[in-house]
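This report describes the fold of one protein chain. The sequence and the structure come first, and a short account follows.

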Amino acid sequence: MMIEVSGLSKRYGAKVAVDNVSFTVRPGRVTGFLGPNGAGKSTTLRVLLGLDHPTGGTALIEGKRYRDLRHPLRKVGALLEGAGPVPERRAVDHLTWIAQSNRIPRRRVWEVLDLVGLSDAARQPVKKYSLGMGQRLGIAAALLGDPEILVLDEPVNGLDPDGIRWVRNFLRGYAASGRTVLLSSHLMAEMAGTADEAVVISRGRIVAHGSLDAITAGHPSLETAFFALTGDRAGW
Ligand SMILES: Nc1ncnc2c1ncn2[C@@H]1O[C@H](COP(=O)(O)OP(=O)(O)OP(=O)(O)O)[C@@H](O)[C@H]1O
């Protein structure tokens, strides 16, 4: 297993954000980490990426904690909410800075700009970018180390249909090349066309884990399946 979360819990004071969560993520497919706002998705991903300490349990990447990986950026590329570049900086400079601080060759910056379709906009300051371009830049940064695993927190949040389609096609292609893609979302309809597998979390607990087809079986749509699983329409 590329990603193995086992008995993971995270408390903030009296608040239990993640409650004994276990799931695995395999390569060659897109796995959606789905749940309403506040369900515990970001917290789980932050612990997986070594940005927060768990209260209990483990979140491992090929059997190791993120911080114990020898070349983390080559193993895992991540896009987290609110981790954007300095607005005045040009996209190419932003990526070059990340590459240099991780001993990644400079030519890789232009490769990833090309992969996400930003070569022509590379010398514009990031503040001139649309939301969709900003997301592509975030994905470009995640790709710098040519990682086997991509972890993205709400990558389609706020994007228009073209932007959503681009991210979807990109992630599907990445998984089809045998790599591991885990993305979180609270957008049910969007996930039906993007993910092969889903891990569903509600109020800090896993309520379903399996293929989207299996989770949807017996329900008119993925959306109604999720309402039934989470027992809660609020926030979806
Ligand atoms: N630093 C913190 N201190 C206190 N409570 C927190 C902290 N971070 C998260 N929480 C709480 O933990 C719960 C889970 O939050 P989390 O951000 O993981 O949810 P999420 O599923 O990512 O939601 P969203 O879709 O809104 O991003 C929420 O109730 C949130 O208020």
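Which strands does helix 9 lie across? In this predicted model, helix 9 (residues 222–230) lies across strand 3, strand 8 and strand 9, and runs at about 40 degrees to strand 8.

| Helix | Residues | Reference strand | Angle |
|---|---|---|---|
| Helix 9 | 222–230 | strand 8 | about 40 degrees |

The strands form part of an open sheet of 6 strands in the order 5-6-7-3-8-9, with mixed pairing. Strand 5 (76–79) and strand 9 (205–211) are at the edges with a single partner strand each, so one side of each has no neighbour in the sheet. On average, neighbouring strands of this sheet are turned by 15 degrees against each other, direction ignored. Strand 8 (residues 197–202) and strand 9 run antiparallel and are joined by 6 bridges. Val199 stands opposite His209 in strand 9.

Overall, the protein chain has 9 helices and 9 strands. Its radius of gyration is 18 Å, close to the 18 Å from the globule rule for 236 residues, so the chain is as compact as a globular protein of that length. Of the 236 residues, 42% count as buried.

The largest nonpolar core holds 65 residues, of which Leu95, Ala140 and Val151 touch the most other members. Helix 5 (residues 131–143) gives the most to this core, with 6 residues. Leaving aside neighbours within four places in sequence, Val151 is in contact with Leu45, Leu48, Leu49, Val76, Ala78 and Leu182.

Conventions:
Residues are numbered from 1 along each chain as its sequence is written. This is a predicted model: local features need pLDDT of at least 70, side-chain atom pairs count only at pLDDT 80 or more; totals for chains, interfaces and linings use all residues. Helices (H or I, at least four residues) and strands (E, at least two) are DSSP runs, numbered from the N terminus. The radius of gyration is taken over C-alpha atoms; the globule rule is 2.2 Å times the number of residues to the power 0.38. A residue is buried if 20 or more other C-beta atoms lie within 10 Å of its own, exposed if 12 or fewer, and partly exposed in between; C-beta atoms are placed from the backbone. A nonpolar core is a set of buried Ala, Val, Leu, Ile, Met, Phe, Trp, Tyr and Cys residues joined through C-beta atoms within 7 Å. Two residues are in contact if their C-beta atoms, placed from the backbone, lie within 7 Å. Two strands pair if DSSP finds at least two bridges between them. Axes are lines fitted to C-alpha atoms, for helices over the stretch in contact, and angles run from 0 to 180 degrees between N-to-C directions.
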